[in-house]
Amino acid sequence: MKLRDYVIRRLLLLIPVLIGISFITFFLSHMIGDPAAAWLSEKTAGQPELVEKIRAAHHLDDPLVIQYYYYLVDLSKLDLGRTGRNEGGRPVVQALMDYFPATLELAIIGMILCLLIGIPAGILSAIYKDKWVDHIVRLGALVGVSMPVFWLGLIVKYWLSYKFGWFPLDGRLPYSITPPPDVTGMYTFDALIAGQWDTFFIAVRHAILPSFCLALISMAIITRMMRSSMLETMTQDYIRTARAKGLSERIVILKHALRNALTPTTTVAGIAFGGLLSGAVMTETIFSWPGIGRFSVKAIGATDFASIMGFAMLIAIIYVFANLIVDILYVYLDPRVKYG
Amino acid sequence: MPDVLISVKNLKTNFYTYAGVVKALDGINLDIYKGETIGLVGETGCGKSVTALSIIRLIQWPPGKIDEGTITFEGRDLLKLPESEMRKIRGNKISMIFQEPMNSFNPVFTIGDQIAEVIMLHQKKTKKEALAQAIEMLKFTSIPAPERVAKSYPHELSGGMLQRAMISMALACQPELLIADEPTTALDVTIEAQILELMKGLKTKMGASILLITHDLGIIAEMCDRVGVMYAGNIVELADVSTIFKNPSHPYTSGLICAIPSLATKQACRLDTIPGNVPNLIRPPEGCRFHPRCSKAMDRCKKEKPGVYDLGNGHLVSCFLYAEGQKQ
Amino acid sequence: MTENLIEVNDLKKYFPIKGGIFSRTVEQVKAVDGVSLSIKKGETLGLVGESGCGKTTVGRSILRLIEPDSGEIIFEDKDIMKYGRSELRHIRPNMQIVFQDPNSSLDPRMSVKDIIGEPMVVNKKNGADMEDKIGKLLKAVGLNPVDMYRYPHEFSGGQRQRICIARALALNPKFIVLDEPTSALDVSVQSQILNMLEDLQKEFGLTYLFISHNLIVVKYLSDRVAVMYLGKVVELAKTEALFDSPMHPYTQALLSAIAVPDPAVKRSQRIILEGDVPTPINPPKGCRFHTRCRYKMDICDKVEPEFKDIGGEHFVACHLMDKR
Amino acid sequence: TSPTTVTPTPTTTTKDFTLVEMTTSDPPSLDPGLEYDTACYSVTQNVYETLVWYQGEDVSKPIGLLATDWSSNDNYTVWTFHLRKNVTFHDGTAFNASAVKYTFDRGVLMNYPDGPWVGAGISSFLKGGDEWMASNNTEADVQAYLANEAVKVIDEYTVQFTLSKSYPDWMHVLAFPATAIVSPTFEKTSSMPYTPNNYTDTYLKEHMCGTGPFKFISWTHEDNMVFERNNNYWNTPAKAAKVVVRTVPDVNNRLLAFEKGECDFSQENIRNLPVFKNSTAVVNDIRNDTLLISFIGMYEGKAPFDNPKVRQAFVESFDYVTYRDQVGYGYGSFPHGVVPKGLAGYNANIPTSTFNPEHAKQLLKEAGFSKDKPVTITIAYNQGNTGRQTGSLMLKDTVEKYDLGITLEIQELTWATLLDKEKKGELDMFFLGWQADFPTADNFLGPFAVSNVYFARQVAYKNATIDSLYDQYFTAANQDERNNIATQIQLGLLNDNPYIVYLQPASYYALSKDLKGYQWNVMLSGFNWYPMYK
Amino acid sequence: MANDAITIQKKKSFIDDWKEKNDSKIKDWKHSISLFTKSPLAMIGLFIVIFFMLVAIFAPYLAPYSNNWRDLSLQSQAPSSTHILGTEIYGGDIFSMIIWGSRVSLVTAFAVVLSIVIFGTIVGAFAGYFGGIIDEALMRVTDIFLAFPSLVLSMVIVAALGSGLQNVMISIAIVSWPTYARLIRGQVLSIKERNYIEAARAVGSSDWRIISKHLIPNSLAPTIVQATMDVGSIIITSAALSFIGMGAGPGEAEWGRMINDGQAMLLNAPWISTFPGLAILLFCLGFNLLGDGLRDIMDPRMRR
Ligand SMILES: Nc1ncnc2c1ncn2[C@@H]1O[C@H](COP(=O)(O)OP(=O)(O)OP(=O)(O)O)[C@@H](O)[C@H]1O
Ligand SMILES: Nc1ncnc2c1ncn2[C@@H]1O[C@H](COP(=O)(O)OP(=O)(O)OP(=O)(O)O)[C@@H](O)[C@H]1O
Ligand SMILES: [Mg+2]
Ligand SMILES: [Mg+2]
């Protein structure tokens, strides 16, 4: 099959998945109490006639199937509805667009950390299997997956920010610094684009703790994956062939083994990216990072179903596409892969 | 007597596994002469591959380790060479081809790149020259459309083609010894015939010695000048081909030869069998490792390891039947 | 009433290859493409051919372990292709199979007793004397009855293959498909198994379909031999006839490719076939062998040769036969 | 009434400084006419101005802000307000009577069900407001409402309000930040003007243009808002050149910001007092006499709270003193009735509820509870409210110790679920709180006591006597008589026990020790940045 | 002759008989255990897991204070001799609460793991064995579930069901079963190709027998490893949900909730959040070490 066909096929296969996602989010969010409540405050909740007005105004009286139909129609126009009163009822898309760059920034920096740390650690661990380096890396990776990240966030904040003052307390930039001109909405990258090095470093300093906490689990997973696929690769016949050619161990590992071991790691990295986005729910709450994670927690607290739905939709779609891209990337890494 | 190219003395290789120490090679002695094809034959797990890998020092630690012995090549003991020196020999003076051509090429590089790599490494050529030479080598093994093959990835070629490419790669630096570890086992009979024919032809052209490992006595008969028969980490008998087949001396060798149905004779008679199974090398039998399956076993066989006895004409046997005083 | 236990007529099995945007069947592997053969009661029919030519598929299709696409399979004068699930289960005890790889043929989590007992349990023949029966079967295949409490991984390859054979014998079948039963084994063990198979055949009056790519072994065990190439039987004859005077160019090449373990035999000329076996996805038109055939004629790539008797129950599918 | 003008006390500043306020969460939006929310008012009240405000901490003394003086007819149905002259909006347009009319028409016509105009009943005060709200909101209905001229421009600087019924405290309503005057031109020239009955996309949700001492600059959601001093302010310009409002949910971060001098003031929950208590950088401003009432509703619509004895028993099962001492850290006062101290209608002679577990147990026994008949009673509060959580735990501990087979099941619910369950009558008890919109007694009596409205409906409380007393309240001849009626209503409530009214909680503001000029906002609608400096 | 042999066998004692019959099993176990003991990390893991189980079982004897004990007047006290890990914001004894919390965690983990393994196994085995449209349909369903990052989906589900530990468990189960269905399906697909399945069919075994006797037992090993490792992530997810206020109810001794409760007092009373977090870390680490060790044991390359 040609790559183009494969991509088309995968995209077509996405349609039922996306419909499924919308279905799940829609019906779940309609189980969340009374959707009208998203527009109510403690003070107005006691007035049922107001609730009725709100219901009428938002088509909440229609049967669920009809509402779902409206939802799908809106969705096809990229309209995810409106936020609840917690976000002033503005369009969900607009709110997501406001908050998403901050999350994406964390996730990207987190991903960079993951790969920069995870891959070399995995390789080292595999090369020095059963040596102390390996034990340390393995234990580290196990601690990483066993770590309650929200707790780690508190602890690193307590020690590194409060006690030692090495890192800023919260936020993306100090208020005294004007954010760089908006291109991507991600301060670090915008600062780079604008060539504002000071701002860049300050922004990175702000992002480093949250993105580290965010990335920890994925880093551990990537390390383990890299280790095991490296070990797997090192037992392959072609590695023996490479050695029999007289190549040095360094080239055998970095050229022959690494290329092959990276392939399964790529898949994991794709999934890890989704993990990073959802991990934002915790991390952003702890580090006061104004991204979609915190937005979603707020929305859940306010039972703002359109926002919850929009958030889950966005993450799921990014997740699905990240995996698609990874699968396509696979083809470049491994010529054997037949799409299927 | 012809010149000795490489001389293996008392080679012992062990694997330190979780289950215990696998005593894979139990003191191998083997001389390979210049220009000959020497065969190593034996059943699964008897240590053929380990012998080959030990010679070019590709036993991986952990779990494997060459614990004893010398391998003399060009006046030097390969086992004492530093790794960097050894690397200059591998792929250059001694090269190797493996059983599974499919798995022996790196799936993510083209065939041409992989052949060129070894040329660049040992002959200090540029990538372009090396690639050109790689195509020359492919032509040498009479692969159709060598240019196209050079640009292909391994999975795009059939097993037979890959094994030819493998041979091209092994011969790229005109080695003095080519170790072929079951080069045709994974191939179909008709393809096997092609490859064997090719190897015969190349051998006369290149003049390299070949260490041919197989479990197929037919291939031995067809290809080799001399044969070593291995059993459970030992070479139990070593002689030239016709001697082995006409006059097998070790009980194992004769059992092996008689266990194969013959194409020529009619099927009337029953096959001879060697009772029992190949032993576990973690706890190999004491004394002669073959004694539990041997119809001619004596008390002595259970306790002592037999030495090597020369029956004349380079016919070596490791069996007490031929020890001094036992000789019939 | 014929003397044939099994008759296979024009058996076809195509495996679909899915692909394209909608994952439809885009191509077919013509694994078995019109195979006809018969096996007489009590005889061994050898089936040889190179890897991928469809031997296993024929064997499994005969037992309907895979559903053939078309053709007739007549077992004891009944066409079992027409059988439904329950009828099939009734005749299953009569026909068994032994596979090439003894490792994957035994459930690693079951004891030998459970493995050999399974056919009896499934067919409700598990009386109180089941353990005795299993013990006897184990003896018959040359193992110790106490071994029934052990697990497959404690046995060597040859012993495992014996367990497989014991399982196949558990229901007193009439017919056993032996799918390369010795190719994973060492020569010394292979001869043990071959001898045992012969003994069992005599003892239980079994009929074998013996599949192998090892012509020497086939010759040793079989009464008649069928040679397959790319999903078709190209030659079928009595063993001696086939080995003494092979008629099909492919059979000739195959025989000459065998490395004979006897340095004294110096062959006059060896037939080396050019190229690889074509894929069964789009097999060559006409005679499938024409791409590699030394005697290729104009007709060969156009018309498929008929599979016919050239006398003395010697069947060949080759245009050369018409010329004679 | 003769109002006096506000007299801020600005001094000239030597250097420009920035004030930093920290909040726990963003306001939903910035449209004061839409949001019924303190988080919104706490910023909007510094950009927009109302017609009326209060002198100091005394809510009984309204003074003019954008109005200079006002008067009403005898039965308090028609009110005339004179406006301040030479006031301009931040967009440069002039403040005048039509701006007032625009603001009020906008509020009523937007008709946002959850907004203050509907929710706090401002629309309903205005003539024709109820009819408009009950209508289908067609264009004809708009015209019908406008024809009432409930808000009428008399001249450039005079407006007249016509009310739907007599209301002597109308000027208090005009102090409510939801009625802050917005610039009509600003919104109309923008891309998204409001249209009647469309409140979803008003331009003012993300932008502000008022007459106040600060101009809106920017809002990065969930991060910060920036304001600048309005140098064209009609009064002396404010002292701070810039105000930044940062959203910092973590209380520890706020404390550290105070200590580093990066925060000047923040509104805190009393639960956070232990966090700030020991910091020398923070001055804690805690006020007891707030316009807040905290209470637990008991649903009378079904057993067990349909039995007045059970309700009384639960009222006597709440350990008021411990609660105030342990949860409020000793701050807050015990309510005498439901009208808080400081308002007309408050009566210190109304007794406070007391903790009396023995008697409560006795009452419950009499009501038929016993160990053999286990009963589960649910009590719910909104997620995250640790004070209420502690309250439920305390009540649970007390009641379960009676050993009468009662289990108190604590449910921590999101607001919507709470509401949903409450509506279905699934909750026996639930925590609620009330903050005054207008500093008047009826703002408390109505919601608590009148059948079928508000809290009374939530707990299915009905008392015909109280209902008729409440009707008399508005027609009473004078303040004394009104106070008398208020006392009667509250005594009636105390007798029926529909609620456990447990605290008039304290308000708590954390201030930097360097901050000067701070004034407590009695209406609790956030900080007044204007007088502050450092 | 043959009869003699049988009578001789019968004379043996019951235990000898059992030993002889189960000789292989015993050897296998001994081998596994010896492999296991060679891995110090796995032993530590096993030790931790057993430790937490004992703590949970003997909580009433180990905890100095009863399950719901709290003294409001002792809010956020620093560790002392009466409260060795201090008290939390409602005056509960942190040490006791951590001990009681081990029960909550173990119950949560086992309930969830058990249900997802059972459900995932059934779905995966059916999909893998029958293939075709059943497989296609079931896998599309798992696709949809797997399209969500698990934390997000469980968050939304708890939001829908309402907070509380029970709902947290349900939500994690709903989110996690597809992984198991996939895992088992993959196993089944590969085992299905093994000849013993075909041999079973050749002797006439029913589909049900093949699934239950051959496929499921043989695909269970990786599932058990996965499940052991998943205990950690289940506990972390459930604690995380409690942390954002969706899990355990007020006053419940749940570690995540305790961390959340202490969050506001982090600067003044860091012990409130620190200790429960350590408990989670240790608990999950124990299961992960154990799972890692189990995986090594079950790895055929090590078993050789
Ligand atoms: N990496 C290893 N770890 C442990 N044991 C090993 C290893 N490699 C080889 N062995 C053991 O060494 C012995 C000899 O193995 P070797 O591969 O040389 O056999 P062989 O004769 O090449 O067999 P085959 O015909 O199957 O290739 C065997 O018993 C094998 O189990
Ligand atoms: N389940 C299947 N799906 C698709 N293709 C199949 C399947 N089984 C077999 N084939 C294809 O059918 C052809 C014949 O296969 P078969 O296994 O019958 O060959 P064989 O002669 O037994 O080969 P071998 O000697 O390798 O066992 C091969 O090309 C194989 O790839
Ligand atoms: Mg080998
Ligand atoms: Mg086959």
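The following dialogue discusses how to read several features of a predicted model.

Trainee: Which conventions apply here?

Mentor: This is a predicted model, in which local features need pLDDT of at least 70 and side-chain atom pairs count only at pLDDT 80 or more, while totals for chains, interfaces and linings use all residues. Residues are numbered from 1 along each chain as its sequence is written, chains are lettered from A and ligands numbered from 1 in the order in which they are written, and side-chain values use heavy atoms, with hydrogens and water left out.

Trainee: How many helices and strands does chain E have?

Mentor: Helices (H or I, at least four residues) and strands (E, at least two) are DSSP runs, numbered from the N terminus. Chain E has 14 helices and zero strands. Along the principal axes, its C-alpha atoms fill a box of roughly 85 × 55 × 30 Å.

Trainee: What percentage of the residues in chain E is buried?

Mentor: Buried means under 20% relative accessible area, exposed over 50%, and partly exposed in between (1.4 Å probe, protein chains only). Of the 304 residues in chain E, 58% are buried. Accessible areas come from the Shrake-Rupley method with a 1.4 Å probe; for residues, only the protein chains shown count as cover. Chain E exposes about 12400 Å², and carbon and sulfur atoms supply 67% of this area.

Trainee: What does Ile211(E) touch?

Mentor: A contact means heavy atoms within 4.5 Å. Ile211(E) lies in helix H11 (residues 207-243) of chain E. Residues up to four places away in sequence aside, Ile211(E) touches Ala125(E), Tyr129(E), Phe130(E), Ile216(E) and Pro217(E). Ile211(E) counts as buried because its relative accessibility is 1%. Ile211(E) and Val188(E), 23 residues apart in sequence, are 8.8 Å apart in space, C-alpha to C-alpha. For chain E as a whole, residues 24 or more positions apart account for 69% of the contacts with a separation of 6 or more.

Trainee: Where does Ile97(C) lie, and is it buried or exposed?

Mentor: Ile97(C) lies in strand S6 (residues 95-98) of chain C. Ile97(C) is buried because its relative accessible area is 5%. Its contacts beyond four places in sequence include Arg60(C) and, from chain E, Ala202(E).

Trainee: What is the area buried between chain D and chain A?

Mentor: Chain D and chain A bury about 4200 Å², of which carbon and sulfur atoms give 50%. Asp114(D), Glu222(D) and Trp415(D) supply 15% of the area that chain D buries against chain A, more than any other three residues. The contact takes 51 residues from chain D and 46 residues from chain A. Five salt bridges are counted between these chains. Asp170(A) forms a salt bridge with Arg246(D), the closest N and O atoms lying 3.5 Å apart.

Note on methods. Buried area = accessible area lost by both parts, 1.4 Å probe. Salt bridge = Lys/Arg side-chain N within 4 Å of Asp/Glu carboxyl O.
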